[in-house]
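Please look at the sequence and the structure together as I go through selected local features.

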Amino acid sequence: MIKKIIPSIIIFSLIFAMGFVDAPKAHASINLVQSTTVDVNSTTATCSLSSTGAGDLLLVMYRINFQGISGISFSDTQGDSFTKVTASSDAYVGVAYAYNTTAGNTAITMSGFASNIITMSCLEYSGVLKTADPYDGGNVNLTSSSTSYSSGSITTTGSSDLILGELKPDTSSITPDSPFSQIISDSFGAHGWITYIVQGISQPAGSYNNTGTLSASSNSDTNIVAFKAVTTAIDSDSMTGSTFIIKDPVMNTMGDYGTSTNFQLIDSSDTIFTDVASSTNFIGHFGFLYYPQVTLGTLTATPVATQVNLNWPASTAVGGWTVSGYNVGWSSTSGGPYTYTSVGSATSYSYTGLAPGTYYYVVQTLDAFGNVIGTSNEASATVSQVITFKLSTYDTSSTSAETYAPYSVGLGILSTAQASNSDESSINSIWFDLTTNASSGAVVSVSSANGALKSISKPSDTIPSATATMTPGVANYGICDKDNLVNGSGTFNMVSPFNGATCTTGHVNTVGVVTTSPQIIYNTGNAALYSGRAEIMVNAENSTATPAHNDYSDTLNFIATSTF
């Protein structure tokens, strides 16, 4: 019988139209400017914000001590108009907001509720859409006696949304799921009423649910609300980035502000450069332009052993544009630079044979001409220190495959005329697969329980093991390395005394002795190995002096080790 041992020390484990085309759009950065929370336990509550910015979003996120929203109203001292959302007749939490608000000090009042208001949080955000209603969806959900919470899903359409959530469990802490992070935790006195507020900033369009884990089982009212970011035309007076590019068919260049090291202007209406173009490599392109529009899904990166699996939704182009395929890029540094590989129209890709470390990935979407028309979010994955070792016994056709213990090699009836050995037909070979990303590599050792083939019924009767060429009529037992392959990268070396001159399906192999002490049979040359595979043949022969028994056996132990 052959068994595999893996000790714990080795597991580390376009919009086209006749005329002009819109200039590129950029999303302003959304920022939480200020917030305040008041605990009142009254039918009226007021919170104050100082020096609010013109056009900023004002939010009220509240908790009440009785279900129902009838009669609740909101106002502030600046005359801003508030809208109630994510509230229902049986929820204890709700949200109201005012957009494109007036700058200055303001006091927001919540009133008209028949029962008491427990907690009122007021927040100010800049960078939220103010030329139209920024509201991009909301939901509320009630969860009973659970250690998790959920607001229910919403689907947003904005490409850089602010997403907020509120919940009222009676637990000491929460663990929000991505992309949310906790920004407010408020406990109201002896009542033990606790309110949490979480946020996710600059989130792409998609489906979201305010979910997470509670520190203890509790009822919880949970909501979610989303607001779109403001979009503005690129400011041509600030062309100071290291590789600034402008694509605008109606822009006058002038040249005064082209200070980018690699400034490029792509323009359809003005071919006159005036004043001083101070960019080191100023380039002008002219001709009517039209711009692709494409939706991009979220890229995910999942580490599995020594590889990282990438997945992303298919991109969709509009306005007559088509998507022809993708490039995937990787870097060892967040933000790049990235090394790209074309993957055609596939929406998944795997990087294999990776050393321990953190890797960063992006996906480029290509149009019919091979131009990049969109780049995904950056996803990262950390590859841990790994060694994997898999043992099996079977012939090359796998008709007697044994991929789980107990493993066995049946040598049949031994004779003095020729050796019995693994023959890739009726007698199995021993196979194993080895991968490690340890920089010092790995070794595989073998030891024998008996140091010989021993009769179970009469242990004193043995067939000895020695390093020698199998010879008719000479009792001997040993193993030899027939083959070693590397399907990935690295080296996989056979080691003496098991790498004798001959190891085939014939009957005259040079074998190595098996002893009760471990001996190295393979090594990886002190370097990482990815997808190494080896075949070992078992050989035995008796002599005229060998006592007859039908129960000669031995157990071989194989151990793979790496040092991290």
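By class, the lining of the second largest pocket in this predicted model comprises 15 nonpolar, eight polar and two charged residues. The space in that pocket amounts to about 450 Å³. Its lining is made up of 25 residues, and those closest to the centre are Leu411, Gly412, Leu453, Tyr552 and Ser553. Two strands, E42 (529-541) and E43 (552-553), each contribute at least two residues to the lining of this pocket.

Strand E43 leads us to a sheet. In what order do the strands of this open sheet of three strands stand? The order is E36-E35-E43, and the pairing is antiparallel. Strand E36 (462-464) and E43 are at the edges with a single partner strand each, so one side of each has no neighbour in the sheet. Strand E35, residues 452-455, is joined to E43 by two bridges, and the two run antiparallel. As for individual residues, Lys454 is placed opposite Ser553 in E43.

Which residues of E30 form its covered face, and which its uncovered one? The covered face consists of Ala379, Ala381 and Val383, while Ser380 and Thr382 make up the uncovered face. E30 pairs with strand E28 (residues 357-367) over five bridges, in the antiparallel sense. Within that pairing, Tyr359 has Ala381 of E30 as its bridge partner.

Pro303 has Val308 in E23 as its bridge partner. The hairpin of E22 and E23 has two residues between the strands, and Ala305 adopts a positive phi near 55° there.

Asn41 is not a glycine, yet its phi is positive, at about 55°. This residue belongs to strand E3, residues 31-42. With a relative accessibility of 27%, Asn41 is classed as partly exposed. Asn526, likewise a residue other than glycine, has a positive phi near 55°. Where does Asn526 lie? Asn526 is situated in the loop between E41 and E42. Its relative accessibility is 66%, so Asn526 counts as exposed.

One runs from Ser178 to Pro179, with omega near 10°. Pro179 is located in the loop between strand E13 (174-176) and strand E14 (181-188). Another cis bond links Gly336 and Pro337, where omega is about 10°. Pro337 is in the loop between strand E25 (323-331) and strand E26 (339-344).

I shall close with the surroundings of two residues. Thr106 belongs to strand E9, residues 104-111. Is Thr106 buried or exposed? Its relative accessibility is 4%, and therefore Thr106 counts as buried. The side chain of Thr106 forms a polar contact with the side chain of Thr77, at 3.4 Å. Setting aside neighbours within four places in sequence, the residues in contact with Thr106 are Cys47, Ser48, Leu49, Thr52, Leu58, Asp76, Thr77 and Gln78.

Val513, by contrast, is a loop residue, placed between strand E40 (510-511) and strand E41 (519-523). Why is Val513 classed as buried? The relative accessible area of Val513 is 19%, and buried means under 20%. Which residues does Val513 touch, not counting those up to four places away in sequence? They are Ser465, Ala466, Thr467, Pro497, Phe498 and Gln519. Ser496 is 17 residues from Val513 in sequence, and their C-alpha atoms are 10.0 Å apart in space.

Thank you for your attention.

How values were computed
Residues are numbered from 1 along each chain as its sequence is written. This is a predicted model: local features need pLDDT of at least 70, side-chain atom pairs count only at pLDDT 80 or more; totals for chains, interfaces and linings use all residues. Side-chain values use heavy atoms; hydrogens and water are left out. On a 1 Å grid over the protein atoms alone, a cavity is a set of points where a 1.4 Å probe fits but cannot get out, and a pocket is an open set with protein on both sides within 12 Å along at least five of seven lines; lining residues have an atom within 4 Å of a point. Grid points are joined across faces, edges and corners, and a volume is the space filled by probe spheres set on the points. Helices (H or I, at least four residues) and strands (E, at least two) are DSSP runs, numbered from the N terminus. Ala, Val, Leu, Ile, Met, Phe, Trp, Tyr, Cys and Pro count as nonpolar, Asp, Glu, Lys and Arg as charged, and the others, Gly among them, as polar. Buried means under 20% relative accessible area, exposed over 50%, partly exposed in between (1.4 Å probe, protein chains only). A polar contact is a pair of N or O atoms within 3.5 Å; within protein, one must be able to donate a hydrogen and the other to accept it, and residues adjacent in sequence count only if both atoms are side-chain atoms. Contact means heavy atoms within 4.5 Å. Two strands pair if DSSP finds at least two bridges between them.
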